[in-house]
Amino acid sequence: MATQAYSGNELTQRDRAYRPPALRFTIRLGKNPVAAASLVIIFIMVIAALFADYVAPYDPISVSRDTFQSPSLSHPFGTDDLGRDLFSRVIHGARISLFVGIVSVVLGVAGGSVVGLVSGAVGGILDLLMQRVVDAMLAFPAIVLTMALVSVFGASTMSALVAIAIVFIPGTARVVRSAVFVVKANMYIEAARSMGASELRIMFRHILPNVMAPILILVSAYLGAAILIEASLSFLGFGTQPPNPSWGLMLSGTGRRYMEEAPWMAIFPGLAISLAVLAFNMLGDVLRDMLDPRLRAR
Amino acid sequence: MTQYIVRRLLMAVPSMLLVSLIIFSLVRLVDGDVVMARLAEGGYVTDDQLAAMRAELGIDRPFVTQYLDYMVHLMRGDFGKSLWDSQPVWNQIVDHMEVSLQLAVMSILLAIVIAIPLGIISAIRANTPLDYGARLFAILGLSLPDFWIATMLILGLTLWVGWLPEFGYWPIWEDPAKNLEALIFPALIVGYRFSATTARMTRSSVLEVLREDYIRTAWSKGMRERAVVLNHALRNALIPVITIMGGQIGFLLGGLVVIETIFSLPGMGRLMFNAINQRDYPVIQGITLVMASIFILVNLLVDLTYAVIDPRIRYS
């Protein structure tokens, strides 16, 4: 009897262990209060961004006669100089910020990972050349390089996106390359090679999965940075153009001109940026502690 | 040591060449726009005029010739002329360098004074409310946009204090009081972000060193906490901190662009901002090149300070 009860217990334990790794990881992440809070903030913002047309009470662009209304029940964040509802504009702004942030990071990190993977796995002259280019690109301050790129592409949301993606390539390449060097020294790589696996197969099937941890850490750290850079570019007038509701743009021009009479015009868009970036940064910190305790805080 | 410096300087040369090549190619992508932008004011343009303007700017020649020509001029300290007012770019950069330099130095000093003690306290009181407070301060510094902090600061000062520092710039040797009044808030804001990363690095680096055997030895000898931390731990924890500060110089220079624009300071950042608005490519090219050079040189200096901090490090 006792033995049977015991084996039954063991079975449920086994069942629990059969959860796919990604799910188990998410559950572990959710148990950390800081990560959970960040995930909730990010989740709300993503939902707001995806369903902005339904969530936002007003049209973010159409003007009205209710100018400079202070925050109230009908306008939770007040209205701006053109009578536009700031709450709706901030919700629609989430769409631009998150879109530019996520897409630029995915593009930049994917590009940088390929460069780092090839550079680290192939080595030799190719590695040397690629690393000199990476060195040179890393010497440019991120904002300055994006500004220079945007001046070439012309100011728009899309050029900001592409410029930010380019800025992330060298940093990712550097991190992935050094991770590849560590993985490459493992016996299983030699084993794969001895079994006749092609270099390309080794690179993508054997090395890439083992350097995913630093790549994931980079993604979360860069997401916050990407949102900040997009906001800065739009603030300076080199990103999203009016009348589109970008958080950075809302803070420039009229947001600052009227801030004494209508401080809410400058407060809420800035709070939105800060909250989004803070959530991604905190999530990145937790991820780094969980995935690689040796990687230090930047 | 001298040998090492010379070798590192020589190693910086290919990087610098690549940096210049990247900027040069970038700017060449849009030469059509430059000609068009300059002629746009004139209204109707003939093909002859276009060709003449291209010849005048020297952009009708092959790319390699143009680049070599640019490099030869660069070697002589000639960064070309502004498309806007035909002023030599180098002179403009030198004129605007002073403010940026002072702002950068003030920000770095503020960051060191704030961040290193904060990081140490955070590490030796790890997982106490004091530590949580310090870490919150640091992560907010990484997350709050500098232009929003500036806006909120100006707003707070006007609404609650009823006083604002005068916007503008007065050279420090002409009017030190006014100079500091104008620069203290910009320096605080730029320094905040810089101290955020520095404090985080100091914390994790000190935490790591505190686990070393020689720290246990120091404790067991009955040394006071102050002596253990300041004499034994800090010195060994400083190298990663200085490395990260070197790497953050890029962010510092980027922050200058935003903050100088907000506080109307005539620095390199504002020059860059104006140049982009005026599509003044030689100026954009020059500033980007100067900023990248500063980054490379500062990081060379960082490498050299390792030996000063840790005599065990020898350059070979």
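Predicted model: local features only at pLDDT ≥ 70, side-chain atom pairs only at ≥ 80, totals over all residues.

Modeller: Residues are numbered from 1 along each chain as its sequence is written, while chains are lettered from A and ligands numbered from 1 in the order in which they are written.

Colleague: How many helices and strands does chain B have?

Modeller: Chain B has 13 helices and zero strands. Helices are DSSP runs of H or I with at least four residues, strands are runs of E with at least two, and both are numbered from the N terminus. Its C-alpha atoms fill a box of roughly 85 × 60 × 35 Å along the principal axes.

Colleague: What share of chain B is buried?

Modeller: Of its 316 residues, 38% are buried. A residue is buried if 20 or more other C-beta atoms lie within 10 Å of its own, exposed if 12 or fewer, and partly exposed in between; the C-beta atoms are placed from the backbone.

Colleague: What makes you say helix α9 of chain B is hardly covered?

Modeller: Helix α9 spans residues 213–220 of chain B, and the count of buried residues among its eight residues is zero. After α9(B) comes B:Gly222, with a positive phi near 80°.

Colleague: Which domains does chain B have?

Modeller: Domain 1 covers 2–75 and domain 2 covers 89–309. Those bounds come from an automatic or database domain assignment. The domain centres, taken over C-alpha atoms, are separated by 33 Å.

Colleague: How many residues of each domain of chain B take part in the contact?

Modeller: Domain 1 of chain B gives 12 residues and domain 2 of chain B gives 12 residues. Two residues are in contact if their C-beta atoms, placed from the backbone, lie within 7 Å. On the domain 1 side, α1 (2–28) and α2 (31–40) of chain B each give two or more residues. The largest share, nine residues, comes from α1(B). By class, that side has eight nonpolar, two polar and two charged residues. Here Ala, Val, Leu, Ile, Met, Phe, Trp, Tyr, Cys and Pro count as nonpolar, Asp, Glu, Lys and Arg as charged, and the others, Gly among them, as polar.

Colleague: How many residues of chain A and chain B are in contact?

Modeller: 38 residues of chain A are in contact with 42 residues of chain B. α6 (124–138), α7 (142–153), α11 (212–236) and α14 (264–291) of chain A each supply at least two residues of the chain A side.

Colleague: Why is A:Ile143 called buried?

Modeller: A:Ile143 has 27 other C-beta atoms within 10 Å. The cut-off for buried is 20 or more, so the label holds. A:Ile143 lies in helix α7 of chain A. Leaving out residues up to four places away in sequence, A:Ile143 touches A:Ile229, A:Ser232, B:Gly254 and B:Val257.

Colleague: Why is B:Asn127 called exposed?

Modeller: B:Asn127 has 9 C-beta neighbours inside 10 Å. Exposed means 12 or fewer, so B:Asn127 qualifies. Its place is the loop between α5 (89–124) and α6 (129–143) of chain B. B:Asn127 is not a glycine, yet has a positive phi of about 60°.

Colleague: And what makes B:Ser264 exposed?

Modeller: B:Ser264 has 11 C-beta neighbours inside 10 Å, so B:Ser264 also counts as exposed. B:Ser264 lies in the loop between α11 (249–262) and α12 (268–277) of chain B. The phi of B:Ser264 is positive, about 45°, although B:Ser264 is not a glycine.

Colleague: Which peptide bond is cis, from A:Pro242 to which residue?

Modeller: The bond from A:Pro242 to A:Pro243 is cis, with omega near 5°. A:Pro243 is in the loop between α11 and α12 (247–251) of chain A. Most residues other than glycine have a negative phi, and most peptide bonds are trans.
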